Amino acid sequence: MNVNQHTPMASPYGQPQPGYGQPGFAPVDGGYPAPYAPYNGPASAYQPGPPPQGPARGPPTSGAPSAPQQYSQYSHSQGDMQNGPPPMTQAPPRPAASQPYNQGAVNLSGPQPSYPQHYGPQPSMQQVTNQMTGMQITSGPPTPAGPGYDPPHSSQPPVNTAYSAAPPHSYTQAPPPASSAPTQPPAPSGPPASQQYYGGPPPPSQQPFNSSLPPTSQQQFTSHAPPLPSSQQTFPPSSYSGPAPTPSHAPAPPVSQPQQSFPPTQPPFSSAPPPNSHPAFVSGPPPPAQGSFQPRAPPPSSQPGSFPPHGSSPISMPSGQYSGPMPPQQQPPPSQLPPYHSGAPPPRVQMPPTSMAQNNHLPPGPQGPPGPPGSMQQPPPQPGIQGGYPPQQNGAFGQVRGPQPGYAGPYPGQPNYGAPAPAPAPAPAAQKRLDPDSIPSPIQVIEDDKAKSTEPFATGVRGQAPPLVTTNFQVKDQGNASPRFVRCTAYNMPCTADMAKQSQVPLAAVIKPLATLPPDETPPYLVDHGEGGPIRCNRCKAYMCPYMQFIEGGRRFQCGFCSCVTEVPPHYFQHLDHTGKRVDCYDRPELSLGSYEFLATVDYCKNNKIPQPPAYIFLIDVSYNAVKSGMVNIVCQELKTLLDYLPRENPEMDSVVRVGFVTYNKVLHFYNVKSSLAQPQMLVVSDVSDMFVPLLDGFLVNVNESRLVIESLLDQIPEMFAETRETETVFGPVIQAGLEALKAADCSGKLFVFHTSLPIAEAPGKLKNREDKKLIGTDKEKSLFQSQVGFYNTLAKECVAQGCCVDLFLFPNQYVDVATLGVVPVSTGGSVYKYTYFQALSDKERFLNDLRRDVQKLVGFDAVMRVRTSTGIRATDFFGSFFMSNTTDVELAGLDCDKAVTVEFKHDDKLSEETGALMQCAVLYTSCSGQRRLRVHNMAVNCCSQLADLYRNCETDTIINFFSKYAFRGLLNNPTKAVRDTLINQCAQILACYRKNCASPSSAGQLILPECMKLLPVYLNCVLKSDVLMPGADVSLDDRAYLRQLIGCMDVPESHVFFYPRLLPLTKFESGSLPVAVRDSEERLSKGGVYLLETGLHLFLWVGASAQQELLLNIFGTPSFSQIDPSLTSLPVLDNPFSQRMREIIESFRAQRSRYMKLMVVKQEDKSELIFRHFLVEDKSASGGASYVDFLCHMHKEIRQLLS
Amino acid sequence: MTSYQEFIQQNEDRDGVRFSWNLWPSSRLEATRLVVPVSCLFTPLKERPDLPPVQYEPVLCSRANCKAVLNPLCQVDFRAKIWACNFCFQRNPFPPSYAGISDVNQPAELMPQFSTIEYIVQRGPTAPLIFLYVVDTCLEEEDLQALKESLQMSLSLLPPNALVGLITFGRMVQVHELSCEGIAKSYVFRGTKDLSSKQIQEMLGLIKPAASVQQGRPPAPQDPAATCRFLQPVHRVDMNLTDLLGELQRDPWPVPQGKRPLRSTGVALTVAVGLLEGTFPNTGARVMLFIGGPPTQGPGMVVGDELKTPIRSWHDIQKDNARHLKKATKYYEAMANRSSVNGHCIDIYACALDQTGLLEMKCLSNITGGHIVMGDSFNTSLFKQTFQRVFSKDYNGDFRMAFGGVLEVKTSREVKVCGTIGPCVSLNSKGSCVSENEMGIGGTSQWKVCGLNPSTTLGIYFEVVNQHNAPIPQGGRGAIQFVTQYQHSNMQRRIRVSTIARNWADAQSQIQHIESSFDQEAAAVLMARLGVFRAESEEGPDVLRWLDRQLIRLFMFHLRRSPFLQVFNNSPDESSYYRHHFVRQDLTQSLIMIQPILYSYSFHGPPEPVLLDSSSILPDRILLMDSFFQLVIYHGETIAQWRKAGYQEMAEYENFKQLLLAPLDDAQEILQTRFPMPRYVDTEHGGSQARFLLSKVNPSQTHNNLYAWGQETGAPILTDDVSLQVFMDHLKKLAVSSST
């Protein structure tokens, strides 16, 4: 995000544009060419995307504007805003694409008005150019608009860069920018592809994307505009002309409403089309927008287009639009693009019009379906509300404005950045504040990605970054592991250590070896190489994989990792075809796929013995607290049914997993549940100082055989301890007991420990209460994260050696020292679940769902994971829940489908661009049926000698995953502050390196972010603000330790939503698809709305104080806000589509996460809102965490310091 | 005056006492010259159906270090209501309750026929009897089943209010909680870890760890509910326990090839002792240990679990190759002492074909007065009936067992007590009547006998301390009082007092008298006990030499050959077993042990005792040998052939049938009363089991002299042992040669 509006952008982008823009744009603007030309140069590196921006920005240079635009791009509103300034902005669009976010620019309310202008201009421009023109125009108007738009463009471009392939297309929406770019010189060459994207995408994207892609909105605008323009020739003219010109006019009532709707949409941009609609509908925002926007109106019109899409979903309109546009888009990405361009545009055009129309006119009707209705309704209100607009703005646009003031605070810092820039561009007004809408919006990026990821992701292309984790996509394994198994921080690794060091971009992979695949993807095939075991390289022991090169007619193969040549065993011999491939290449998973499994032979088993089926042991605390809270009763009741769902590989068969039961307080009670007994027998072991298992036969049993005895036992346990007065518990011996039981049975397995309190009873592993708030913030704070006693580390080691995985369910009423209790679970690949102040009534469901999932999920036992790499790099560090006794083998007593291991790579030599870098992750484990297997994941990435390539192929979510794990582990040995500083520093270095080496020259005051990393600051800020690194006063030490451990084994989708929660407006639904999320900021909340926020651990339903009665009635069955019961943990089942849909959504969210999220209803201005606000991570946090805007400014300062 | 024979018999019947000498040499010097010390076999609880206990407390001498009980030997001044102690000569007033005493109104304890009298005292709370079963589960299925049945059966024999407890062990030790409904609960202890009594009680939840703060206070049997969990009245848990026993499984831990099952006998006993210690100190309790093999792990282990390492033999012990012996012995001794302090006795029922470690564990029973029963299998009548007989009842319907006995010996001044040999432990009560010369368990005048039965007999050794130059007036009598306090099986506390007196005699002038007062049988047993006692602690040959030097009599020949002194052909366990019984049985039984009785049945006349000699083994005889531990019926060659031919089935040979039945009936009679049940062997000439007989008889005919004697009578014994004849010849030679 180049905050800076001016120059920087232009040049850099311009260059890039060439690539992208060429196709679409080239034709478009004659004018652009010039600007682009220059850009093109740079563009090459950047690819089309950026380039466009460049140009855009160039013009915008106005600086401020550009920035705004950028933002605006992200957030429609901004876009709109910019639009306002359009003239100026035009340029901006591109900038947007590029990272340069002009702080001020976006904010600039002024820009908004410009939009109309844009349109206006556009119209003036030729059709084609419309968008482009708009852009150009902006350029013309450079100053203000430029900046603003730039951003948008930039955004688009970025996309391009990032997604180079298809995605770009969709994003290309940027088309506008692109268009601009395209228009420019490049057109010829690049055009086709880009055009496709652009052409197709842009228009479509807008429409289709509109909904999804916020950026689109702007882009749309622009793009729309373009399309329109283009189409205008045909359609556009009318519509556009109408709108565009009208904008200002249009804003006129009629339009205005639509516009209003748009305005809202604009906001949506940021989030997504839906949101747009919502915003619009929701609060008066739209109205406000209108007010302000009216000028924008035109944009709105364009937006409408976008909206419609959303709304379109609702009905024909949308559908039409979507269908039309959407398909194109989708298609475009593929190949159609070209056609689309030509064809697509028209549709869009049409669409736009339609959309426009819809929005404006139709909205009511269309809206009816999806968002439209809402929008429609809202619109009306809006009008009325107009007065209220401001508030709305809060929601969407309003924010911009309103915020600005508010931001003022934050901006102060910004001044450095945006202040200048914005100021200029945003002719409007107080640009001093950085407009949140003008800074990179996660929602925008997410939606952009969704929009461009319409095709299954094929893994065959080396170095291709997969779609974001927030995007639904299908994966086709063509030789590299699916991103569901492996995600890398960089898909284009620097060739040399120097480069890597210079960039500071971490080279890491997040590997989730046993990830569950969606039903439409095939799980890894099981390969049996016979008695000799899997074929491996003689030297490095890498397993047979697609990277092995067969030579000498197939008699030997050369290892892709170490280049050693190995004989092919006779039984594995196969002839090669004329290309040197084995004839049976596609018959063998290990030769054609990225992920597969080998059947391991006895040589791969512990003690050279085929393993026994694993066992599950349930260890239940029956001390006073456990009984009183109802936990014991619940667990026992649940186990009766749950035991029928033990993991099995063949659903037809009974599970071979055996079970055992132990209860404990100060002493342990084992149970003999042998099937031949009439009654279970209890064996009490009081010698906790020297734990042992008192029985063998009858402790671990088959559920079916011993069903009656087990049921009898589970019935009796709660009774037996109902009157217990024992409050002390032990913990160490409990795990020892399970461990010993597994040892005695000579099998691996899992312990489920249900524990309530700090183990203070005299026994090994006895703990003291050491929670001392005074230590927080001091150098001694780190000790609180360390284990209190060494006992558990030793125990963990023993557990791992036996393949004993420990899952811990905690039900504490006070400090239990999670840091220490969690040592064993974390080291054994287990999980910790914590239910503070557990109450049967309200927490039962969450606990039971967690338990069910935990018991049922597939687990591999006694696993060893090893990551092999090709020469030049080496896996040097590992993060996750496991134990390592040497530097290469990751030992996991248990590895379930939710556990991820993050692996960091370092250079130990040079890599070559031709061969790229290979890695192979092999996990040897015992399946839950007792089979020993090897799961192999292969991954190849590109190598680059240009830093720019590195920055173009990164994945921020993965980087954040790595950073968080790295930082949280660092807490053990470093003061919290040092950890935070390190993070900030590294992040600044990464960005500074980019700025210095990859971005085109620009003023130092401009913040330029790599497209792939433009969200790095916002996400990093979330990490820094997490309870772990910056605890609030009410965050207990246990909570921090718990989160710290939890995140240690999270994969990317989980860490993403954890750090940047998903916030969905739920005022309206479109059938089938989710509403577009909004940014995690209070400003995005409308008083009249209802929002759902999920973090992967929490689920909040936020109800605005002035939510409509009908809405409340639909959701809660009561029309009165005050009658909503804040203690609800589930929504009442009401017989209306809204309620039903709402519950569906909640259920679908829960289904996506490995832990059940308890629903918490938060009423606006209720006390509980404090908790909720904690998750609005773009805002300033109560514990002192910086707001996004502030942090961005700070980051900019850091970067500038580094550069100077 | 009756003959000494009668006198001795009368004394034994009345007081349960057999003295080696019934006239005592009056000086120390003379006593020493007599070789056989003044000593007696005393049966404290000899059954006296004719002796009703009195319902009051004994009157004690008021001198603090005397406390002798008023007895018929005391001089009484009826007028002054004063009595003089015959031991310390203290003059004591009678207590107020004796106000009505007079010449014609004497309390029982003053009547001569009540030289032995039993008092019932009402001191302290009465506690129920406690039976704690400690059961080895590392048994063959068949054995375990039999044992379970025996245990279940035993429940019906217990008085309803008796407390029972159950501990089972194998690799682990389980203490079963008996009070619970539904789920059967037990506390488990690791079999390899020695635990202190306090730890055990903590782990069983009997005391709170915090309670340890109250230092010094013995853990009072607090919360009765807590203790009751493990020890419950039979009537309440009858069904539960029967079920529990019924469900008892073999130790489930796998025993790999070439290994012994891991058996935690040591810890099981510790837990049992610790449990009782904490809950019922100083109360009558029996720990009944049932084992089917040696302890193989943990403290008290006797042999490792590797089958390739055989359990120690005498050979190993002599070579000092028994690596666990000392440690295990020490362990069990310490436990036995702890148990005895609390008055609990420990029985061992060991049934296995191989040794079970009795050598190491014998002290448990020896010190606490418990039983040891050794058999081949729990599934034999030997065990079953013996076990049943433990619960035999007397004419009053009370168990023939008593608990927590304390025996005190008081002597008149001329005599001091050197020690005792029997199932007891010293209480270390030094007093004026304790000799410095120790024989057996000495240095005290009080011993604790935790488990007693009517046949329990102690050998008590005295020393005449009167100096040669301080003659005792003619007609003077030395007196000894035995005071036995115990808990009767009906839970009463009782005190039995036996006061005996013997005349002094001057060995120089009255040597014939003294000689005639010699009780050969008693002396033999008493000397044998000394020998066994020494054998326990010294090398075999030394003991024999000592014994040879001490005395030479016929029985000595057999004693020398007996398993009590000879270990050849006996495992250490067997030796321990035999010795255990030898030092506690009464005189008659002891004699049988030393010199087995051999009866001969034939058509030639009524059954007659015959010489225990190979010459008695004739073809037309049926022999019945009772060696206490074995009961052998041996059919001579001819008889065996006849029997094989089935003559006894023919009416005309009814007499043969009768002849065959006669020894069986006699054997049955012995079997009925003997405890423990002897091994019953019915064999014939040439039968493999005939070895039991052949090993006992005097080998007057061997392969060495068979032809020399050229006789057809009797059966030659294939042994190199010397025959009685040779032995005697040798002795004669020794006797006349100048001894060194």
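Two strands pair if DSSP finds at least two bridges between them. I wrote that down before opening this predicted model, and began with a strand in chain A.

**Entry 1: strand β23 of chain A**

Strand β10 (residues 595-599) of chain A is joined to β23(A) by five bridges, and the two run antiparallel. In that pairing I found A:Ser595 opposite A:His937. Strand β22 (residues 917-926) of chain A also runs antiparallel to β23(A), with ten bridges. Here A:Val923 faces A:Arg935. Strand β4 (residues 492-494) of chain A pairs with β23(A) in the parallel sense over three bridges, and A:Met493 stands opposite A:Cys943.

**Entry 2: helix α9 of chain B**

Helix α9(B) takes in residues 325-341, 17 residues in total. From first C-alpha to last I read 24 Å, close to the 24 Å expected at 1.5 Å a residue.

Which residues of α9(B) are buried? My list has B:Leu325, B:Ala328, B:Thr329, B:Tyr331, B:Tyr332, B:Met335, B:Ala336, B:Ser339 and B:Ser340. Seen down the axis, the buried residues of α9(B) fall within an arc of 165°, so they line one face of the helix. I reminded myself that an α-helix has 3.6 residues a turn, so residues three or four places apart point the same way. On the other side of α9(B), I found B:Lys326, B:Lys327, B:Lys330 and B:Val341 exposed.

I also looked for what covers the buried residues of α9(B); among the elements of chain B that do are α7, β14, α10 and β19. After the helix comes B:Gly343, with a positive phi near 75°.

**Entry 3: B:Ser365**

I moved to α10(B), residues 358-368, where B:Ser365 lies. Its relative accessibility is 0%, and buried means under 20%, so B:Ser365 counts as buried. Leaving out residues up to four places away in sequence, B:Ser365 touches B:Ile346, B:Asp347, B:Ile348, B:Gly370, B:His371, B:Ile372, B:His580 and B:Arg584.

**Entry 4: nonpolar cores**

The largest nonpolar core has 184 residues. Those with the most contacts inside this core include A:Leu668, A:Phe670 and A:Met865. Helix α50 (residues 976-997) of chain A gives the most to this core, with ten residues. A second, separate core has 158 residues, including A:Phe847, B:Ile348, B:Ala350 and B:Val409.

I looked up A:Asp862 in strand β18 (residues 859-869) of chain A. Its phi is near 50°, a positive value in a residue other than glycine. A:Asp862 counts as buried because its relative accessibility is 12%.

B:Lys67 also has a positive phi, about 55°, and is not a glycine. I found B:Lys67 in the loop between β3 and β4 of chain B. At 43% relative accessibility, B:Lys67 counts as partly exposed.

Last, I checked a peptide bond: the one from B:Phe675 to B:Pro676 is cis, with omega near -5°. B:Pro676 lies in the loop between α19 and β27 of chain B.

**Entry 5: a record for chain A**

An unreviewed UniProt entry lists residues 956-1055 of chain A as "domain: Sec23/Sec24 helical". In the model I read 63% helix and 0% strand over residues 956-1055 of chain A, with the end C-alpha atoms 12 Å apart.

Conventions: Residues are numbered from 1 along each chain as its sequence is written. Chains are lettered from A and ligands numbered from 1 in the order in which they are written. This is a predicted model: local features need pLDDT of at least 70, side-chain atom pairs count only at pLDDT 80 or more; totals for chains, interfaces and linings use all residues. Side-chain values use heavy atoms; hydrogens and water are left out. Helices (H or I, at least four residues) and strands (E, at least two) are DSSP runs, numbered from the N terminus. Buried means under 20% relative accessible area, exposed over 50%, partly exposed in between (1.4 Å probe, protein chains only). Contact means heavy atoms within 4.5 Å. A nonpolar core is a set of buried Ala, Val, Leu, Ile, Met, Phe, Trp, Tyr and Cys residues joined through side-chain atoms within 4.5 Å. The expected span of a helix is 1.5 Å times one less than its number of residues. The arc is that of the directions from the helix axis to the C-beta atoms. UniProt positions are given in the numbering used here, feature names are shortened, and annotations may be inferred rather than shown by experiment.
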